[in-house]
Amino acid sequence: MIGDFFVGSGQIVFLPGKATDGQTPVLVGQIPSAGGSGRAKISDDNSVFPEDRVFFFYNYFDNAILVQAPSPHALDVNRYTPGFEKTFWDRQASIELRIPFANTQASDVILIGGKDEDVEFGDLELTLKFLLWKGDYFAAAAGLGFNAPTARDVRVFAENSPTPVFTIANDAFHLLALFRCALHAERTHLCPDVRRIRHRHDGQRNQAPGRAGDVGTLHDQNLLQVDVQAGIWLWREPHARYITGLAPTVEYHYTTTINNANLITVPVAADAFVLGNTANRIDIHNLTLGVEMLLGTTSTLNIAAVVPLDKPTSDNRQFDSEYFIQFNRFF
């Protein structure tokens, strides 16, 4: 799979006077998500087969994050992910580590103006994968991923204030389950991810100054994702000097929430903030068009573009477009 995914934890909405005096709630912007790495997708750049490799991939998300202060505008996200995969059990299983960081929305949110972009370190992702079956034309694998809360906490500040109005503590672990299968023919390959669930094992604590303890726990929604990739080798030449193979690919990605959103109200003096996915349920449809190049006998380079299939005004649209580069060096 090449990729398509960028979902955060929801929005920050300001309620002046707790919206009891007829004033309209104000959208502050999106909740900064795990150092801009977004919620991890275990199937991205992931083969059915356990492999020994190092990799690096780059994502560019156009208009991915809405920021309201000091004026409404959208931020682009540049995400970088180095990592490695190492096999064991006679190449029947592997362990993988990803280390994401991004130029993205700053984890410190200034309510009235201020710096809105920064380089942020994301949540580390560790994945165990097991090959279940390998035949001449069919293979299947299952995996389990873990996200560790290594990204910064989110702090929300008033203008020119050294003390945050409230803090969203990034102390949650995430579990990611994967089942993949691949159908192979002489010149084609079809790789569906038939089931993938995102479960939040623990929540992010939300704290406000002047109050004892936590004011609530913000839980990300569980997600079901289905991805299908099809491709065909147009050219294979093992003895070529540089590019030894070329295959265009097309992918369809579907993501849906499988539980309702959890909204947290943070009271601050006479006002309040609401945190969470105010749209509640989402159903995301994306299309990826790419090309895979074999470089020599030990490397691959994937270049792709992602096109959202949802309407521009829809809550399901994550970004206007995405561009992706993946490089893998195998051993």
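This is a predicted model: local features need pLDDT of at least 70, side-chain atom pairs count only at pLDDT 80 or more; totals for chains, interfaces and linings use all residues.

The dialogue below goes from the whole chain to single residues.

Visitor: What share of the residues counts as buried?

Guide: Buried means under 20% relative accessible area, exposed over 50%, and partly exposed in between, with a 1.4 Å probe and protein chains only. Of the 331 residues here, 49% count as buried. Accessible areas come from the Shrake-Rupley method with a 1.4 Å probe, and for residues only the protein chains shown count as cover. The chain exposes about 14,900 Å², and carbon and sulfur atoms supply 60% of that area.

Visitor: Which residues touch the most other members of the largest nonpolar core?

Guide: A nonpolar core is a set of buried Ala, Val, Leu, Ile, Met, Phe, Trp, Tyr and Cys residues joined through side-chain atoms within 4.5 Å. The largest one has 15 residues, and those that touch the most other members are Ile 12, Phe 166, Val 266, Phe 273 and Leu 275. The elements that give two or more residues to this core are β11, β12, β20 (264-268) and β21 (271-276). Apart from it lies another core of 10 residues, including Phe 6, Ala 64, Val 77 and Val 306.

Visitor: How is the pairing of strands read?

Guide: Two strands pair if DSSP finds at least two bridges between them. Strand β11 (residues 154-157) runs parallel to strand β7 (residues 108-110), and 3 bridges join them. β11 also pairs with strand β12 (residues 166-168), in the antiparallel sense and over 3 bridges. Arg 155 illustrates both pairings: Arg 155 is the bridge partner of Asp 108 in β11, and the partner of Arg 155 in β12 is Thr 167.

Visitor: Which strands pair with β4?

Guide: Strand β3 (residues 53-67) runs antiparallel to β4, joined by 12 bridges, with Phe 55 opposite Gly 83. Strand β5 (residues 93-98) pairs with β4 in the antiparallel sense over 6 bridges, and Glu 85 stands opposite Glu 96 there. The hairpin of β4 and β5 has 4 residues between the strands, and Trp 89 takes a positive phi near 55 degrees in this hairpin. β6 is also antiparallel to β4, over 3 bridges. As a general idea, the side chains in a regular strand alternate between the two faces of the sheet.

Visitor: Why is the pair of Tyr 80 and Phe 101 called stacked?

Guide: Rings of Phe, Tyr and Trp (its six-membered ring) pair if their centres lie within 6.5 Å; planes under 30 degrees apart count as stacked, over 60 as edge-to-face and the rest as tilted. A search of the whole structure finds 10 aromatic pairs. The rings of Tyr 80 and Phe 101 have centres 5.4 Å apart and planes at 25 degrees, so the pair is stacked. Tyr 80 belongs to strand β4 (residues 73-88) and Phe 101 to strand β6 (residues 101-105), 21 residues apart. These two residues are also bridge partners. Tyr 80 is partly exposed at 27% relative accessible area, and Phe 101 is partly exposed at 30%. Elsewhere, Phe 14, Phe 166 and Phe 273 form one aromatic cluster.

Visitor: Is Gln 221 buried or exposed?

Guide: Gln 221 has 8% relative accessibility, so this residue counts as buried. Gln 221 lies in the loop between β16 (216-218) and β17 (223-232). A polar contact is a pair of N or O atoms within 3.5 Å; within protein, one must be able to donate a hydrogen and the other to accept it, and residues adjacent in sequence count only if both atoms are side-chain atoms. The side chain of Gln 221 makes such a contact with the side chain of Asn 277, at 2.9 Å. A polar atom of the Gln 221 side chain also lies 2.7 Å from the backbone oxygen of Asn 280.

Methods. Residues are numbered from 1 along each chain as its sequence is written. Side-chain values use heavy atoms; hydrogens and water are left out.
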